[in-house]
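Hello,

Here is the structure I promised to pass on to you. My notes on what turned up in it follow below.

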Amino acid sequence: MEIEFYIPRWGNRHLSWADFAEKTKLAGYAGVEANLPAEEEEQLDMFTQLKNNGLRWIGQHFETATADFAAHVKQYEARLYALATAKPVLINSQTGKDFFTFDQNSELIALAARISKETDVRILHETHRGKFSFCTSATAPYLHQFPDLRLTADFSHWCCVAESYLQDQQEVLQLAIDRTDHFHSRVGFPGGPQVNHPAAPEWKEALDFHCEWWDAIVQRHSDLKTKTLTVTCEFGPYPYMPQLPFNQEPVSDLWEVNLFMKNFLEKRYTDLSD
């Protein structure tokens with residue numbers, strides 16, 4: 001099984017697409033995870049630079065934010081179709097709202113499934129605060145309702161919401177792992193969705209818990225003979241990355257943190273990638 005590592009556009013928007021793509025290629029990533037730019041000129045620039053550097057693209061949806069459900073459905077549908085038309089490796093969607101009803105969020109999940117079938121592009125739903133999948137207990141009913149629902153696992157969010165490492169929620173956690181086809185390798189902790197640096201010894205417990213979950217995802221796909229498993233190293237900028245008071249300097253270098261995560265997991269999963 002091949003494991004491909006991606007870097008998010010999030011946190012790197014200060015770089016031009018040319019500089020970002022070149023830096024991404026040199027760092028050894030397979031591609032980028034990014035939303036589809038609104039402007040056609042930037043879309044052309046993005047796809048040109050990715051192609052020039054031999055990089056793949058995971059489409060990201062996060063923009064649909066309106067609380068008006070009727071408008072939300074229309075915007076969600078339009079954005080998913082736009083992403084699917086551009087033919088990404090897959091679409092990672094932050095879907096719904098934590099305050100929408102079960103039926104409303106279910107309508108969005110069913111809509112995504114229909115678009116995925118129509119376009120032959122996988123649409124995965126990220127475990128994310130503020131969305132239908134904001135915690136274990138909220139996500140489980142959807143996983144039971146939709147047997148084909150597939151996830152992007154970002155369990156850092158669940159640690160933050162539960163204020164724990166989910167030790168007492170193993171059954172739902174295992175269900176989510178079994179439904180995961182892509183994951184974000186960000187390390188959260190009971191007080192937030194992102195530690196300041198995963199290599200710091202004081203965060204060993206947090207890293208170990210996340211590695212246990214990621215190992216289970218990787219092993220499951222290895223057992224299933226999955227050809228390629230994708231991972232996005234998705235540590236993010238402020239407010240995810242803490243800042244020093246008064247001068248607003250980030251406490252760690254974001255690019256270096258994500259690169260550490262990629263190199264750490266590449267080494268960890270070498271045997272499974274051979």
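Helices (H or I, at least four residues) and strands (E, at least two) are DSSP runs, numbered from the N terminus. This is a predicted model, in which local features need pLDDT of at least 70 and side-chain atom pairs count only at pLDDT 80 or more, while totals for chains, interfaces and linings use all residues. Residues are numbered from 1 along each chain as its sequence is written, and side-chain values use heavy atoms, with hydrogens and water left out.

Let me start with α8, which covers residues 204-223. This helix has 20 residues and reaches 28 Å from first C-alpha to last, close to the expected 28 Å (1.5 Å times one less than its number of residues). Its buried residues (under 20% relative accessible area, with exposed over 50% and partly exposed in between; 1.4 Å probe, protein chains only) are A206, L207, F209, H210, C211, W213, W214, I217, V218, H221 and S222. After α8 comes K225, with a positive phi near 65 degrees.

Leaving aside neighbours within four places in sequence, W214 is in contact (heavy atoms within 4.5 Å) with F183, H184, S185, R186, V187, L207, M261, L265 and Y269.

Y238 and P239 are joined by a cis peptide bond, with omega about 10 degrees; P239 lies in the loop between β8 (228-232) and α9 (254-268). Two residues other than glycine have positive phi: K87, near 55 degrees, and L166, near 65 degrees. K87 sits in the loop between α3 (69-85) and β4 (91-93), and L166 in the loop between α6 (155-162) and α7 (170-178). Are they buried or exposed? K87 counts as exposed because its relative accessibility is 54%, whereas L166, at 0%, counts as buried.

Best wishes
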